[in-house]
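Colleague: I'd like to go through this model with you, one question at a time. Could you put it on the screen?

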Amino acid sequence: MISQPCPAGELIVFHDVEAESADVLYVWNHPHHDGMSGKIFHEQLLRSLNREAKESVHNIQQGSDSWILDLPDPSDILPPSPEILCAWPMTPPFPVKALWKELKPLYILPAGVTYATWALIQASPFMTRFRTFLVDNDTVTKVVDHEFDAEIVAAIRSKVSAKATGASLSADFMDMVWSVSARVRQEIKARLDSGVKNDMISIMKFVHDWRTQQESETQKPRYLSWLVTNLGVLDWGAPDTREQEQEQEQERWSIRRAELVLNAEVLSAALSVSVMTVSDEQMCVTCSWQDCVVDANLGEHLTTDLERWLKEVVS
């Protein structure tokens, strides 16, 4: 195992000397950059490895500097913080709604149906559990971030029997899935079209002490049950022509599988589902949760059901 620390993250490489493959883990803190940045990192690493692969390495002696992969220092071309880069306009209702969500008295107005009151916030133990399954690339083409409203949640719950285990999805439920999917797609498009207008970054400047703010959140009900994130397709440079195919018959690096694992956050969603796909390969779906907050059996059964449901929805 080779572990090379780097600013705000760590690169870990597991290599089986008897196999023609290696597992490359890039671990970083979310405040430093997002999942898309991690995806770009792997794409750039692959390009750098293939540039080096054009030179023969069979005769390089172990311990030689030629084994070191030098990556450029991009610190001089990094963009400034988002709040410095551009203006973040707000309409009057947006900050009012955000403040009401933050300050409303829960002893008068109890948590809504979408709150994860079943998963109490615990600061410890701070350990992440996760399970992963693979889905054929043709099965599911898009999974996106979204927060569902109370009406959708209530409607879906009414269609699922509390005692149903391993049962197939009903026709009514399937119709609802596609209806909700179309609605969510429209909402995402509208959000993208709005650009930087009414973004949470615009009100973050009003928080003067983030530690105090985070500590206060531990005294409230958990807001999210689910968090779903999709990084899309990681392009490893599959050949488009026969000529490129012949070039790739030479020794060359490629990516066959990519997985995104979200570390459990004390204040975030009780269950996180992350999706990542390699071009022309399988899609990897990972479910993660905080140990002792979500029961391990629940997390494992949920992962199994999610795999089955995904295949049913697109069948």
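**Contacts, charges and rings**

Colleague: Which residues does Q290 touch, not counting residues up to four places away in sequence?

Modeller: Contact here means heavy atoms within 4.5 Å. Leaving out residues up to four places away in sequence, Q290 touches Q122, A123, S124, P125, M127, R222, A264, E265, V266 and A270.

Colleague: What should I know about the model and its numbering before we go on?

Modeller: This is a predicted model, in which local features need pLDDT of at least 70 and side-chain atom pairs count only at pLDDT 80 or more, while totals for chains, interfaces and linings use all residues. Side-chain values use heavy atoms, with hydrogens and water left out, and residues are numbered from 1 along each chain as its sequence is written.

Colleague: Thanks! Is Q290 buried or exposed?

Modeller: Q290 is found in strand β7, residues 283–290; helices (H or I, at least four residues) and strands (E, at least two) are DSSP runs, numbered from the N terminus. Buried means under 20% relative accessible area, exposed over 50%, and partly exposed in between, using a 1.4 Å probe and protein chains only. Q290 has 4% relative accessibility, so this residue counts as buried.

Colleague: Which side chain of opposite charge is nearest to K39, and how far away?

Modeller: K39 belongs to helix α1, residues 35–53. For charge, Lys and Arg count as positive and Asp and Glu as negative, with His and the chain ends not counted. A salt bridge needs a side-chain nitrogen of Lys or Arg within 4 Å of a carboxyl oxygen of Asp or Glu. K39 is buried yet has no salt bridge, and the nearest side chain of opposite charge is E43, 4.6 Å away.

Colleague: Which backbone oxygen does the side chain of K39 reach?

Modeller: Not counting residues up to four places away in sequence, K39 touches L231, G232, V233, L234 and M276. At 2.7 Å, the side chain of K39 reaches the backbone oxygen of V233.

Colleague: How many salt bridges does the whole structure hold?

Modeller: As a general point, side chains of opposite charge can pair when their charged atoms come close. A search of the whole structure finds salt bridges numbering 10.

Colleague: How many residues apart in sequence are K220 and E102?

Modeller: K220 forms a salt bridge with E102, the closest N and O atoms being 3.5 Å apart. K220 lies in the loop between α7 and β5 and E102 in helix α3, so the pair ties together parts whose separation in sequence, in residues, is 118.

Colleague: Which residues are linked with E102 in a network of salt bridges?

Modeller: E102 is partly exposed, at 29% relative accessibility, and K220 is partly exposed too, at 24%. In the network of salt bridges, E102 is linked with K220 and E217.

Colleague: Which helix holds both E187 and R183?

Modeller: The side chains of E187 and R183 meet in a salt bridge, 3.1 Å from N to O. They sit 4 residues apart, about one turn of the helix, and both lie in α5.

Colleague: What is the N to O distance between R256 and E281?

Modeller: E281 counts as partly exposed, at 22% relative accessibility. The side chains of R256 and E281 meet in a salt bridge, with an N to O distance of 3.1 Å.

Colleague: Now the rings. What is the angle between the planes of Y115 and Y223?

Modeller: Rings of Phe, Tyr and Trp (its six-membered ring) pair if their centres lie within 6.5 Å; planes under 30 degrees apart count as stacked, over 60 as edge-to-face and the rest as tilted. A search of the whole structure finds 3 aromatic pairs. Y115 and Y223 form an edge-to-face pair, 4.9 Å centre to centre, and the angle between the planes is 85 degrees.

Colleague: Which residue lies over the face of Y223?

Modeller: A charge sits over a ring if NZ of Lys or CZ of Arg is within 6 Å of the ring centre and within 35 degrees of the ring normal. Over the face of Y223, at 3.7 Å from the ring centre, lies K101.

Colleague: Last one: which residues form an aromatic cluster with F41?

Modeller: This cluster is one group of aromatic residues. Together with F41, the members are Y26 and W28.

Technical notes: A polar contact is a pair of N or O atoms within 3.5 Å; within protein, one must be able to donate a hydrogen and the other to accept it, and residues adjacent in sequence count only if both atoms are side-chain atoms.
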